[in-house]
Amino acid sequence: MTTDILDRNNLVLLVDTFYTKVQLNPRIGPIFTVVAKIDWSHHLPKMYDFWESILFGTATYKGNPMLTYFALNDKIALKAEEFNAWKLIFMETVDELFVGKNAETIKQKAQSIADLMDFKINAPKSKINIV
């Protein structure tokens, strides 16, 4: 595809394509499917709302993904390698499907979000104040 991310329908395509790849990834797929036991029919609409809120500034997403990742980290250690795999799949998926300002913006935001989650989970606890 050679268009930019212009609307929710584009985000649905991105999120669906991305999570299909995630499920097949040997490093992080089992985290979603075996450990977290994601109900995709419930999770995907939340992710559509999340990315719509992030990219277009809508207030459709309600929740705190950081709390979800802290709880998941209690079940299985989430290290930089897992976050890096997530970022790589996300960036590749965006690049395969879209080109333009919003495509670049969503990649930057995804990078920042993943890096912040990695930091909050893996930084020495005495050096950060988790809110």
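Are Y19 and W40 buried or exposed? Both residues are buried. The points below concern a predicted model.

1. Aromatic pairing overall. Ring centres within 6.5 Å of each other define a pair, and by this rule the count comes to eleven aromatic pairs. A pair of aromatic rings is described by the distance of the centres and the angle of the planes.

2. F18 belongs to helix 1 (residues 8-24) and W86 to helix 5 (residues 80-97), so the pair ties together parts of the chain that are 68 residues apart in sequence. Both F18 and W86 are buried.

3. The pair Y19 and W40. The aromatic pair of Y19 and W40 is tilted, with 5.4 Å from centre to centre and 50 degrees between the planes. Y19 sits in helix 1 and W40 in helix 3 (residues 40-56); the two residues are 21 apart, and their pair links distant parts of the chain. As stated at the outset, Y19 and W40 are both buried.

4. The aromatic cluster. The residues of both pairs, F18 with W86 and Y19 with W40, belong to one aromatic cluster. F32, F50, W51, Y61 and F90 are also members of this cluster.

5. Packing of helix 4 on helix 6. Helix 4 (residues 65-75) packs with helix 6 (residues 101-122) at an angle of about 45 degrees, and the axes are 11 Å apart. The crossing of helix 4 past helix 6 is right-handed.

6. Residues of that contact. On the side of helix 4, the contact involves P65, M66, Y69, F70 and N73, which meet M117, K120 and I121 in helix 6. By class, the residues of this contact divide into six nonpolar, one polar and one charged.

7. The loop residue N25. N25 is found in the loop between helix 1 and helix 2 (29-35). Its relative accessible area is 19%; buried means under 20%, and N25 therefore counts as buried. Leaving aside residues up to four places away in sequence, N25 touches P30 and I89.

How values were computed:
Residues are numbered from 1 along each chain as its sequence is written. This is a predicted model: local features need pLDDT of at least 70, side-chain atom pairs count only at pLDDT 80 or more; totals for chains, interfaces and linings use all residues. Side-chain values use heavy atoms; hydrogens and water are left out. Axes are lines fitted to C-alpha atoms, for helices over the stretch in contact, and angles run from 0 to 180 degrees between N-to-C directions. Helices (H or I, at least four residues) and strands (E, at least two) are DSSP runs, numbered from the N terminus. A crossing is left-handed if the near helix is turned anticlockwise from the far one by less than a right angle, and right-handed if clockwise. Contact means heavy atoms within 4.5 Å. Ala, Val, Leu, Ile, Met, Phe, Trp, Tyr, Cys and Pro count as nonpolar, Asp, Glu, Lys and Arg as charged, and the others, Gly among them, as polar. Rings of Phe, Tyr and Trp (its six-membered ring) pair if their centres lie within 6.5 Å; planes under 30 degrees apart count as stacked, over 60 as edge-to-face and the rest as tilted. Buried means under 20% relative accessible area, exposed over 50%, partly exposed in between (1.4 Å probe, protein chains only).
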